[in-house]
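Hi,

Here is the structure I promised to pass on. Have a look at it first, and then read my notes below.

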Amino acid sequence: RSRPAWALVMLGLTGGLGLLLAVATLAALLADWWWPLDLLTSFHPQYAVLLGVIAAIHLLLRSPGWGALFAGVALVNASLAAPYLLGAGPSRPVEGPELSILSFNVGVSNPMRREVAEYAAVERPDVIAIIESSFEWEDALVDHGPPMSLVAVVPSDRVAGITLLAEPGLLARAVEVPFADPDEAVAAEMGLGAGRVVVLVLHPPSPTSGERAVRRNEILAAAGDWVAGSALPVVVVGDLNATPWSPAFQELQLRGRLVDSSRGGGLHATWPAGWGPAMIPIDHALHTAGLRAVERRTGPSFGSAHLPLIATVAPAG
């Protein structure tokens, strides 16, 4: 029996989109070959949903071959997203020391500095990492934020950088980061219960050109080696300009033997703020085996292109 004209149009349109998404999926799996393909790795959850809908349309309109193809590619994408959506996520311990960290790429020109500082004062994290910070941001945090010690500040010769603050009781001290510039990485050692931990804040370049992609990859790989060489447990936070499916992110994890705190607890997409289902997770919190995540959530954007990420860790024991 012939199909009505509307069904043929629907099959053609969705089939074309499905083929594009299938090609994007295959290209994303080859991201190590060419830096633009790495950008395609960011959207596996979206690919899975769209291809699932397209597969259902083709099966309902009696196009089983194409429907099966699109369903299979949807499952490939779903399998990559599943570890972040299924299983046990961060769980708060009954008692014991914790370290809460607020990591936020605020956008250096964002005028909502006081609002962000007051939000931090309400949240009262133990550590605040402000990315794309400035002297004006630091003044706002000191004047309107929680009473905290400045551990790392924007260098005087930089327009923007990373500001790191910590509760005075943590006795935090800056740690040298030899593999990156101060606007790309800062670190501090601080107390956690009876022990000490290191918080490493990263902001490598976004991979918008071959040169910037190489620099991002170099920083993330070097950060992994640096973490692996640390004698103390390490928490890595920041805007990594990479999703969990990027080879560069996976290299950081592999070299540093890091645990992604989002696994099992949801994707917590953070960029671009306000884009709903199109948002992707590029702001992260990872930790070494001596720690475990007990909480992870996002907050309001306050005019930034990013959502802030709040992560809490505790000793693994």
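In which helix is E138 found? E138 sits in helix 6, residues 135-144. (Helices are DSSP runs of H or I with at least four residues, strands are runs of E with at least two, and both are numbered from the N terminus.)

Before you go further: this is a predicted model, where local features need pLDDT of at least 70 and side-chain atom pairs count only at pLDDT 80 or more, while totals for chains, interfaces and linings use all residues. Residues are numbered from 1 along each chain as its sequence is written, and side-chain values use heavy atoms, with hydrogens and water left out.

Back to E138. This residue is buried but has no salt bridge, and R113, the nearest side chain of opposite charge, is 11 Å away. (Buried is under 20% relative accessible area, exposed is over 50%, and partly exposed is in between, using a 1.4 Å probe and protein chains only. A salt bridge is a side-chain nitrogen of Lys or Arg within 4 Å of a carboxyl oxygen of Asp or Glu. For charge, Lys and Arg count as positive and Asp and Glu as negative; His and the chain ends are not counted.) What E138 does have is a polar side-chain atom 2.8 Å from the backbone nitrogen of V154. Leaving out residues up to four places away in sequence, E138 touches S133, V153, V154 and T163, where touching means heavy atoms within 4.5 Å.

Now for the salt bridges: the count comes to 11. One of them joins E167 and R124, with the closest N and O atoms 3.3 Å apart. E167 is in the loop between strand 4 (161-166) and strand 5 (173-175), and R124 is in the loop between helix 5 (113-123) and strand 2 (127-133), so the pair ties together parts that are 43 residues apart in sequence. E167 counts as buried because its relative accessibility is 18%, whereas R124, at 41%, is partly exposed.

E184 and R215 form another, with the closest N and O atoms 2.7 Å apart. This pair links distant parts of the chain, 31 residues apart: E184 is in the loop between strand 5 and strand 6 (185-192), and R215 is in helix 7 (residues 210-228). E184 is buried at 9% relative accessibility, and R215 is partly exposed at 26%.

Last, look at W33, in the loop between helix 1 (5-28) and helix 2 (35-40). Its relative accessibility is 71%, so W33 counts as exposed.

Cheers

Technical notes:
A polar contact is a pair of N or O atoms within 3.5 Å; within protein, one must be able to donate a hydrogen and the other to accept it, and residues adjacent in sequence count only if both atoms are side-chain atoms.
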